[in-house]
Amino acid sequence: MASHARWKLARDEKVAQGIAEDPEVERRREEISLAFDLGQAVYDRRTALGISQTELARRAGMTQPQVSKLELGGTVPTVPLLARLARAMEAMFRMELFESSARVTFADLEGTTPEPPATERASAAEAEADAGQGRTAATG
């Protein structure tokens, strides 16, 4: 499976060459990108809180495999599910949409996003260095 960074790079290369993309393909790309961004936001908040996927699933009325699939970008959650996740992670859900980009965060109730534990930050930095602009593993 191609990583998020690889397919985005491939798309950018095609655009630079003047190759137009089918509108349906572009729509699907945006949906996949949003799913990855949402999953990463859930992963980041969960690890910052130091809770497992199993614990988050219990708090949000989900199963651990559902949390895993969500964190890996395998699904676009509904608004009610995002609300349950925010409550389960004692956070505010924020999504800023602009042009074809989105910024998604689960911020603590004071409006800040907690830093992940030092070991998680180091792992994330190593993963990003290895993959250029890759995703952190969504396990635990």
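**Exercise 1.** Determine which exposed residues lie on the face of α5 turned away from its buried side.

*Solution.* Step 1. The face of α5 opposite its buried side carries V79, P80 and R87, which are exposed (over 50% relative accessible area; buried is under 20%, partly exposed in between, with a 1.4 Å probe and protein chains only). The model is a predicted one: local features need pLDDT of at least 70 and side-chain atom pairs pLDDT 80 or more, whereas totals for chains, interfaces and linings use all residues. Residues are numbered from 1 along each chain as its sequence is written, and side-chain values use heavy atoms, without hydrogens and water.

Step 1. The buried residues of α5 are L81, L82, L85, A86 and A88. Because they cover an arc of only 160° around the axis (taken from the directions from the helix axis to the C-beta atoms), they lie on the same side of α5.

Step 2. These buried residues pack against α2 (23–49), α3, α4 (64–71), β1 (91–98) and β2 (101–108). Helices (H or I, at least four residues) and strands (E, at least two) are DSSP runs numbered from the N terminus.

**Exercise 2.** Describe how α3 and α5 cross, and state which residues make the contact.

*Solution.* Step 1. The axes of α3 (residues 53–60) and α5 (residues 79–88) come within 8 Å and cross at roughly 115°. Axes are lines fitted to C-alpha atoms, for helices over the stretch in contact, with angles from 0 to 180 degrees between N-to-C directions.

Step 1. The two helices are therefore roughly perpendicular (65 to 115 degrees; under 35 is roughly parallel, over 145 roughly antiparallel, the rest oblique).

Step 2. L56, R59 and A60 of α3 make the contact (heavy atoms within 4.5 Å) with R84, L85 and A88 of α5. By class, the contact of α3 with α5 has four nonpolar, no polar and two charged residues.

**Exercise 3.** Find the angle at which α3 and α4 pack, and the residues that meet.

*Solution.* Step 1. The axes of α3 and α4 are 8 Å apart, and the packing angle is about 105°. α3 is therefore roughly perpendicular to α4.

Step 1. From α3, Q53, T54, L56 and A57 meet Q64, V67, S68 and E71 of α4.

**Exercise 4.** Is E90 buried or exposed, and where is it found?

*Solution.* Step 1. E90 is found in the loop between α5 and β1. At 52% relative accessibility, E90 counts as exposed.

Step 1. The phi of E90 is positive, near 45°, in a residue other than glycine. Most residues other than glycine have a negative phi.

Terms used:
Ala, Val, Leu, Ile, Met, Phe, Trp, Tyr, Cys and Pro count as nonpolar, Asp, Glu, Lys and Arg as charged, and the others, Gly among them, as polar.
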